[in-house]
Amino acid sequence: MLSARTAENPGKGGVRAGAAIDSPRRRTPSHPRDTRQEKPMSIRIEGAQVVLPDGIEETSVTLEEGRIAEIGSDARAETVLDARGQMLAPAMIDVHGDAFERQLMPRPNVFFPVDAAILDTDRQLAGNGIATAYHALTLSWEPGLRAVTAGRRFIETLHRLAPRLIAENRVQLRWETYAEDALPLIEEMLEGPLTPSLAFNDHLSMTMRGFEVPIQERAFEFSPAFVVADPDDPRMLGRIDTKAKRSGLDQGAFLDLMKRTWATRPEIPARIAAIAETARKHGAPMLSHDDTQHETRNYFRGIGARISEFPMSVDVAKAAKAAGDLVIFGAPNVMRGGSHIGSPGAAEMVEAGLCDILASDYFYPAMLAAVARLHHEKRAPLAQLWKLVTSGPATAMGLSDRGQIAQGLRADLILVDWPEAAQGPATPAVTRMFRSGRQVYVGQSA
């Protein structure tokens, strides 16, 4: 079942979670009782294998007033929870997830109400142990699903639904740098109380690369070495087909729009520099997406984007780490045993120490499943693997109040049923989630 208890105000940068309906008494769904200011019960969780910063051990953890009050004591609590046979871990933090798009548009140009999509996505997050999620909201020059107008509607709905949400729903502004009309919305978000992260994307240049150039080998987008394809080449129609369907345009109309947008290429570096300056001013984490060259990573590091999101070569990941940048790979990459587009294998990157964070990317269950597979393959100690989905993301996003089980931190925790697996990796499942000390999800069988 889903509990209606809610979390405390997460502070600047967070969309506060609230309650839905916690009893059948005469309250309408449109006016849920706001329990955010209620004091959470004190809870002592006993008997679990607890994922601590330096290892895993069986101990007790006491939660009081939304925080982790005690570790390894018999402190008095209003509720004692027997968690023998389970694992207690920090709740996961997802820095990049766009699976919500399937709730918005489950089939090409078949749209569903944003309210329903967000509520369903939120429940998926809870069921998969993700207490903090940055929705990778693409703001593109394309119409349709990823249009700026659609992005604004998503953000406005997310804020309106905040009192009814279980997880802390945040936003990654996944900005397509050719989308000039996204700038006012980005500036509003950066200057407002709910600070997002900002990811620099350029899928247009990726589409316009020479036909003989693999995605992973394309030059830095603003380099003279960047090879540009002829948009009128018949092969371009195959390259844009999926994008055109997503936008709601036919291939010809989409190609015309793409040509007009590409003509603004000389304006893009100044546009990037200006918005990066605003992001630095407001302390927003910045990421660059799909880096392929050292020059690409150096450029974005120079404007303050110290996170490399899904680098497309091992050399770029190594260079990023050598410069002190953080590196993100996709958890589905681990879960599936490799990248679906031929980029570096995330499991190998973890084992080589070239990955700081695993993101859900396009499949929320992949975060927990990736940890299980990496553990099965003995890529690193389990406590270290948990950091890829907890303290690593917390560090990247500047969330110093969560991400590990330590005294005084916010009590965002999950209990996990982690069975023994005779063959292959185990398939763990989240049985409970706590947000700021409140039990907000229970997924145990009857």
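Entry 1, aromatic pairs. I counted rings of Phe, Tyr and Trp, the last by its six-membered ring, as a pair when their centres lie within 6.5 Å; planes under 30 degrees apart are stacked, over 60 edge-to-face, and the rest tilted. The model is predicted, and side-chain atom pairs count only at pLDDT 80 or more. By this rule I found 10 aromatic pairs.

I looked at Phe 220 and Tyr 299, whose rings are 5.1 Å apart centre to centre with 45 degrees between the planes, a tilted pair. Where do the two residues of this pair sit in the chain? Phe 220 is in the loop between α5 (203-208) and α6 (235-247), and Tyr 299 is in helix α9 (residues 294-302). The two are 79 residues apart, and the pair links distant parts of the chain. I looked up accessibility for both: Phe 220 has a relative accessible area of 6% and is buried, whereas Tyr 299, at 21%, counts as partly exposed.

I then followed Tyr 299 to Phe 300. Their ring centres are 5.0 Å apart and the planes stand at 90 degrees, so I noted this pair as edge-to-face. Phe 300 is buried at 8% relative accessibility. Tyr 299, Phe 300 and Phe 220 belong to one aromatic cluster with Trp 175, Phe 200 and Phe 222.

Which residues have the most contacts inside the largest nonpolar core? I noted Trp 175, Phe 200, Leu 358, Trp 386 and Trp 418, in a core of 102 residues. Helix α13 (residues 366-376) gives the most to this core, seven residues. Trp 175 and Phe 200 were already on my list as members of the aromatic cluster.

I listed the contacts of Leu 358, leaving aside neighbours within four places in sequence. Among them are Phe 329, Val 334, Met 367, Ala 370, Leu 374 and Leu 388. A second, separate core has 16 residues, including Ile 45, Val 50, Leu 88 and Ala 411.

I traced an open sheet of four strands in the order β5-β4-β1-β6, with mixed pairing. Its edge strands are β5 (67-71) and β6 (79-82), each pairing on one side only. From one strand to the next the twist averages 25 degrees. Strand β1 (residues 43-46) and β6 run parallel and are joined by four bridges. Ile 45, listed above in the second core, has Leu 81 in β6 as its bridge partner.

Most residues other than glycine have a negative phi, so I looked for exceptions. Glu 65 has phi near 50 degrees and is found in the loop between β4 (61-64) and β5. Asp 361, also not a glycine, has a positive phi of about 60 degrees; its place is the loop between β15 (357-359) and α13. Are these two residues buried or exposed? Glu 65 counts as exposed at 51% relative accessibility, and Asp 361 as buried at 15%.

I counted 15 helices and 18 strands. The radius of gyration is 22 Å, close to the 22 Å that the globule rule gives for 446 residues, so the chain is as compact as a globular protein of that length. The C-alpha trace spans about 70 × 50 × 40 Å along its principal axes. Of the 446 residues, 58% count as buried. Among contacts with a separation of 6 or more, 68% are between residues 24 or more positions apart.

How values were computed:
Residues are numbered from 1 along each chain as its sequence is written. Side-chain values use heavy atoms; hydrogens and water are left out. Buried means under 20% relative accessible area, exposed over 50%, partly exposed in between (1.4 Å probe, protein chains only). Two strands pair if DSSP finds at least two bridges between them. Axes are lines fitted to C-alpha atoms, for helices over the stretch in contact, and angles run from 0 to 180 degrees between N-to-C directions. A nonpolar core is a set of buried Ala, Val, Leu, Ile, Met, Phe, Trp, Tyr and Cys residues joined through side-chain atoms within 4.5 Å. Contact means heavy atoms within 4.5 Å. The radius of gyration is taken over C-alpha atoms; the globule rule is 2.2 Å times the number of residues to the power 0.38.
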